[in-house]
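This report describes a single predicted model. The sequence and structure are shown first, and the description follows.

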Amino acid sequence: ETRPIVWWAPDIQHLNDSNNDQNSFALGWQQYQELLKQHCGMEGSGTSLGKSPCLTVQHSEWSKLALFDFLLQVHDRLDRYCCGFQPDPSDPCVQELLHEKCRNPSELALVHILIRRSKPSHLVFIDNAGRPLHPEAKLNFRLLQGIDGFPETAVAVLRSGCLQNLLLRSLYVDEEFWESQGGAKGLRPWLQTLDRRGQILLQYIQKHNLTVTKEL
């Protein structure tokens, strides 16, 4: 199976299980939701990193992951079963009979939850199967479930109106990708979609009165 090069980096921690080597931890949906409530590694948390029910991952890392996955609509990580929206019959989660498991939360598992051995408190984003064409009417808000705050820097960028230009500058660095997508003109529709999702996320933050947190 094809993997991104970073997958083979020796510092990436994989489970010693050929059926579950896409994770550094075996983590189910219910365990994940309980873990978020603990604010692991944060000031005032009653539980230390690495001690049950916490993993080694800092609480703020989950909000970064949720924000990233929502903007790109990456389902194959926090919601590989497509429980947060009605998938099309052609979606892999339907073809592989995963969507049927949404009726039993205890069977739902997270995938592509990875860390580096040298920095176990931070997540590594691998296999980011984003969906730029995913319709706005089907945005997957389940990706945000349990998240009670978002990093101040990221929220400031969404509010600034500069997201598209910042992404253009970043993507320009990868000449091969830039040219394959038709440069700024070809990328603009995708970036407009991301920007629109960012505005929807800001509305979500306001509606649910979520906190904006300073990064440690």
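## Arginine 116

Arginine 116 is placed in strand β1 (residues 114-116); strands (E, at least two residues) and helices (H or I, at least four residues) are DSSP runs, numbered from the N terminus. With 30% relative accessibility, arginine 116 counts as partly exposed, where buried means under 20% relative accessible area, exposed over 50% and partly exposed in between (1.4 Å probe, protein chains only). Arginine 116 touches Val6, Ala9, Asp11, Ile12, His122 and Val124, leaving aside residues up to four places away in sequence; contact means heavy atoms within 4.5 Å.

## Basis and confidence

Residues are numbered from 1 along each chain as its sequence is written, and side-chain values use heavy atoms, without hydrogens and water. The model is predicted: local features need pLDDT of at least 70 and side-chain atom pairs count only at pLDDT 80 or more, whereas totals for chains, interfaces and linings use all residues.

The average pLDDT is 92, and 97% of the residues score at least 70; pLDDT is the predictor's confidence in each residue, from 0 to 100. Among the elements, α2 has the highest mean pLDDT (97) and strand β4 (residues 211-213) the lowest (90).

## Nonpolar core

The largest nonpolar core comprises 46 residues, and Tyr32, Trp62, Ile113, Phe150 and Leu201 have the most contacts inside it. Such a core is a set of buried Ala, Val, Leu, Ile, Met, Phe, Trp, Tyr and Cys residues joined through side-chain atoms within 4.5 Å. Two or more residues each come from α1 (29-37), α2 (59-72), α4 (152-160), α5 (163-172) and α7 (183-207), with α7 giving the most, eight residues. Leucine 201 touches Leu67, Phe70, Leu144, Phe150 and Leu158, not counting residues up to four places away in sequence.

## Helix α2

Eleven of the 14 residues of α2 are buried, among them Trp62, Leu67 and Phe70. Their cover includes α1, β2 (119-124), β3 (149-151), α4 and α7. Glutamine 73, which follows α2, has a positive phi near 55°.

## Salt bridges

There are nine salt bridges, each a side-chain nitrogen of Lys or Arg within 4 Å of a carboxyl oxygen of Asp or Glu. Glutamate 61 pairs with lysine 64 at 3.1 Å between the closest N and O atoms. Glutamate 61 is buried, at 5% relative accessibility, whereas lysine 64 is partly exposed, at 25%.

Arginine 196 and glutamate 136 also form a salt bridge (3.0 Å, N to O). Because arginine 196 lies in helix α7 and glutamate 136 in the loop between β2 and β3, the pair ties together parts that are 60 residues apart in sequence.
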